[in-house]
Amino acid sequence: MEKLRPGDEALRDGQPLYNPYAQGEPHRSWKRMLEDNLPDQDTWRQLYLNFKGRVHRGDYFCRSLWLGAADLVVALFAYTLGDVIGLGDDFVLLLEGTAGVVLILMHLSLGVRRLHDRNASGWWMLLLLIPALQGLFLLYLLLAPTPWKPNRYDYTETRENFP
């Protein structure tokens, strides 16, 4: 059994309680993490459009990579259709704008759940509206460690079961 890190006070029968929102084991390889976060037709809403629960640092990074790849594919598709087929700039703007709104909602969902993982309110995402703080805030979301203990955003059991 893995040793507890500082701050891992939540135990049940001497065993650490891991976050139920993590897919698979708490420590996975990058390949496994990328595979776990690749959406399919059944899981994409739960992975990318859910504002409840928590998402860990590695999952946040992997899901952000997948969203960036999706944005790149949509952009290439739209510009290819616009230039090669000749559908025009209006079509490109419409397709990119629609995809952009959906991708922004997905990124907001990830950011809110990452803040929940840090036991903070999702309203802190409003800091992204301040241009001088955007980079620092995104670095915080990416680099802040995951506390491996229950918080107010993910109790799967009643509060009295925790010390």
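**Chatting through Asn151 and the helices**

Trainee: Where is the place of Asn151?
Mentor: Asn151 sits in the segment after α5 (131-143). Helices here are DSSP runs of H or I with at least four residues, strands are E runs of at least two, and both are numbered from the N terminus.

Trainee: What kind of model is this?
Mentor: This is a predicted model, where local features need pLDDT of at least 70, side-chain atom pairs count only at pLDDT 80 or more, and totals for chains, interfaces and linings use all residues. Residues are numbered from 1 along each chain as its sequence is written, and side-chain values use heavy atoms, with hydrogens and water left out.

Trainee: Back to Asn151: buried or exposed?
Mentor: Asn151 is buried, at a relative accessible area of 5%. Buried means under 20% relative accessible area, exposed means over 50%, and partly exposed is in between, with a 1.4 Å probe and protein chains only.

Trainee: Which backbone atoms lie 2.8 Å from its side chain?
Mentor: A polar atom of the Asn151 side chain is 2.8 Å from the backbone oxygen of His116. On the Tyr153 side, the backbone nitrogen is also 2.8 Å from a polar atom of the Asn151 side chain. A polar contact is a pair of N or O atoms within 3.5 Å; within protein, one must be able to donate a hydrogen and the other to accept it, and residues adjacent in sequence count only if both atoms are side-chain atoms.

Trainee: And which residues is Asn151 in contact with?
Mentor: Setting aside neighbours within four places in sequence, Asn151 is in contact with Arg54, His116, Asp117 and Asn119. Contact means heavy atoms within 4.5 Å.

Trainee: What about the backbone at Asn119?
Mentor: Asn119 has a positive phi near 65 degrees, and it is a residue other than glycine. Most residues other than glycine have a negative phi. Asn119 lies in the loop between α4 and α5 and is partly exposed at 37% relative accessibility.

Trainee: Which residues of α3 are buried?
Mentor: Among them are Tyr60, Cys62, Leu67, Ala75 and Leu81. Their cover includes α1 (30-36), α2, α4 and α5. After α3 comes Gly86, with a positive phi near 85 degrees.

Trainee: How many residues does the largest nonpolar core have?
Mentor: It has 14 residues, and those with the most contacts inside it are Tyr48, Leu67, Leu115, Met125 and Leu141. α2 (44-48), α3 (57-85), α4 and α5 each supply at least two residues of this core, with α4 giving the most, five residues. A nonpolar core is a set of buried Ala, Val, Leu, Ile, Met, Phe, Trp, Tyr and Cys residues joined through side-chain atoms within 4.5 Å.

Trainee: What does Leu141 touch?
Mentor: Not counting residues up to four places away in sequence, Leu141 touches Tyr60, Gly111, Arg114, Leu115 and Met125.

Trainee: Where does pLDDT stay under 50?
Mentor: It is under 50 over residues 1-24, which have 48 contacts beyond four places in sequence in the model. Residues 155-163 are below 50 as well. pLDDT is the predictor's confidence in each residue, from 0 to 100. Where pLDDT is low, the predicted coordinates should not be read in detail. The chain averages 76, and 77% of the residues score at least 70.
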